[in-house]
Amino acid sequence: MSYPAIVGFGVGLVVAGGSAVALTQLDNHSSATTTASTPSATVRPASNPDPARTVYNSTKNSVVFVSADTDQGTATGSGFVVSSDGEIVTNEHVVDGAQQVTVMLGTSDQQLPATIVAADASKDLALLKVDTGGKTLHPLTFGDSSNVQVGDTTYAIGNPLGLDHTFTGGIVSALGRQIQAPDGTPIDNAIQTDAAINPGNSGGALLNSSGQVIGVNSQIASTDTSGGQAGNVGIGFAIPSNTVRDFIAHPTSTQSTQPEQQTQVVPAPDDGMGLALP
């Protein structure tokens, strides 16, 4: 039996660009006359006509664009604010081997230097810190990943292929998946989603319908075995939020957190369902 390859996707092509959304006005045309045989309908506005827009607007300013300069070039990925004083979560493979890390917070195009506080290849999680200049940031809130159910609505927000603040939606496709960290360590209870995630989404938040973080987008499955950069096929995996929350509370590192001393982590051999970093 052959299995799809699992692909980590921290490296993205930085592309300047944006997207346009067409809004359709829905007019309610009613007849000027009403007959006894055709009772008039009472039209009531929906209490939440566009939950996706609500989630996006409540989280967009906490999204982070991460750039990491390495010997192999510039890796780009995503992250999100987890404390008001400047702590940020992303994937370890986004900042692996970084000599310098910069971030752009929210909708700002200002690049800020970031310090790597912790980077654990066995968890594929990293904790960064920026100087907020006295400003108070707005961290995202965490949901309980143990309460997530198959069929729940999911949203992914990040920077696929360098397209900042890309927002996609889907559902929880499966629970209890096991994926491999960059050093080959199993990561249990990963959340599978069909929300579109692509190279550059690594480290970004997987959100529920309330805008809470239920996972960190980390890998996608791909049928491409040629070694090229994989794209979305509707099978993505996120590290569960409870694992991420434990990491933030007790940060651990498998490498030096001084960028100039970091070394490249070599992924475990591919066993047909293995991790391949871009």
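This is a predicted model: local features need pLDDT of at least 70, side-chain atom pairs count only at pLDDT 80 or more; totals for chains, interfaces and linings use all residues.

Student: Which strands form the closed barrel, and in what order do they run?

Tutor: The closed barrel has six strands in the order 2-3-4-7-6-5, and their pairing is antiparallel. On average, neighbouring strands of this sheet are turned by 40° against each other, with direction ignored.

Student: How many bridges join strand 5 to strand 6?

Tutor: Strand 5, residues 100–105, is joined by three bridges to strand 6, residues 111–120, and the two run antiparallel.

Student: What should I bear in mind about side chains along a strand?

Tutor: The general idea is that side chains in a regular strand alternate between the two faces of the sheet. For a case to examine, take T102, which is placed in strand 5.

Student: Is T102 buried or exposed?

Tutor: T102 counts as buried because its relative accessibility is 12%, and the cut-off for buried is under 20%. Setting aside neighbours within four places in sequence, T102 is in contact with F65, V66, S67, Q111, L112, P113 and A114.

Student: Which strands does helix 3 lie across?

Tutor: Helix 3, residues 241–249, lies across strand 4 (87–90), strand 6 and strand 7 (125–130). The helix runs at about 50° to strand 7.

Student: With which residues is V89 in contact?

Tutor: Leaving aside neighbours within four places in sequence, V89 is in contact with S78, G79, F80, V82, A126, L127, G203, V216, V244 and I248.

Student: How many residues of strand 13 are buried?

Tutor: Five of the five residues of strand 13 are buried, and the strand is described as mostly covered. Strand 13 pairs with strand 10 in the antiparallel sense over three bridges, and with strand 12, again antiparallel, over five bridges. A238 of strand 13 stands opposite I191, and A238 is also the bridge partner of N217.

Student: How should I read charged side chains?

Tutor: In general, side chains of opposite charge can pair when their charged atoms come close. This structure holds two salt bridges. In one of them, D50 pairs with R53, and the closest N and O atoms are 3.3 Å apart. In the other, K123 pairs with D120, with the closest N and O atoms 3.2 Å apart.

Student: Which of these residues are buried, and which are partly exposed?

Tutor: D50 is partly exposed at 30% relative accessibility, and R53 is partly exposed at 46%. K123, at 29%, is likewise partly exposed, whereas D120 is buried at 3%.

Student: Where is N159 found?

Tutor: N159 is found in the loop between strand 8 (153–158) and strand 9 (166–180). N159 counts as buried because its relative accessibility is 2%. The N159 side chain reaches the backbone oxygen of V64 at 3.2 Å. Apart from neighbours within four places in sequence, N159 has contacts that include F65, G77, S78, P199 and G200.

Student: What is the phi of N189, and where does N189 lie?

Tutor: N189 has a positive phi of about 60° and is not a glycine. N189 lies in strand 10, and it counts as exposed because its relative accessibility is 52%, the cut-off for exposed being over 50%.

Terms used:
Residues are numbered from 1 along each chain as its sequence is written. Side-chain values use heavy atoms; hydrogens and water are left out. A salt bridge is a side-chain nitrogen of Lys or Arg within 4 Å of a carboxyl oxygen of Asp or Glu. Buried means under 20% relative accessible area, exposed over 50%, partly exposed in between (1.4 Å probe, protein chains only). Two strands pair if DSSP finds at least two bridges between them. Helices (H or I, at least four residues) and strands (E, at least two) are DSSP runs, numbered from the N terminus. Axes are lines fitted to C-alpha atoms, for helices over the stretch in contact, and angles run from 0 to 180 degrees between N-to-C directions. Contact means heavy atoms within 4.5 Å. A polar contact is a pair of N or O atoms within 3.5 Å; within protein, one must be able to donate a hydrogen and the other to accept it, and residues adjacent in sequence count only if both atoms are side-chain atoms.
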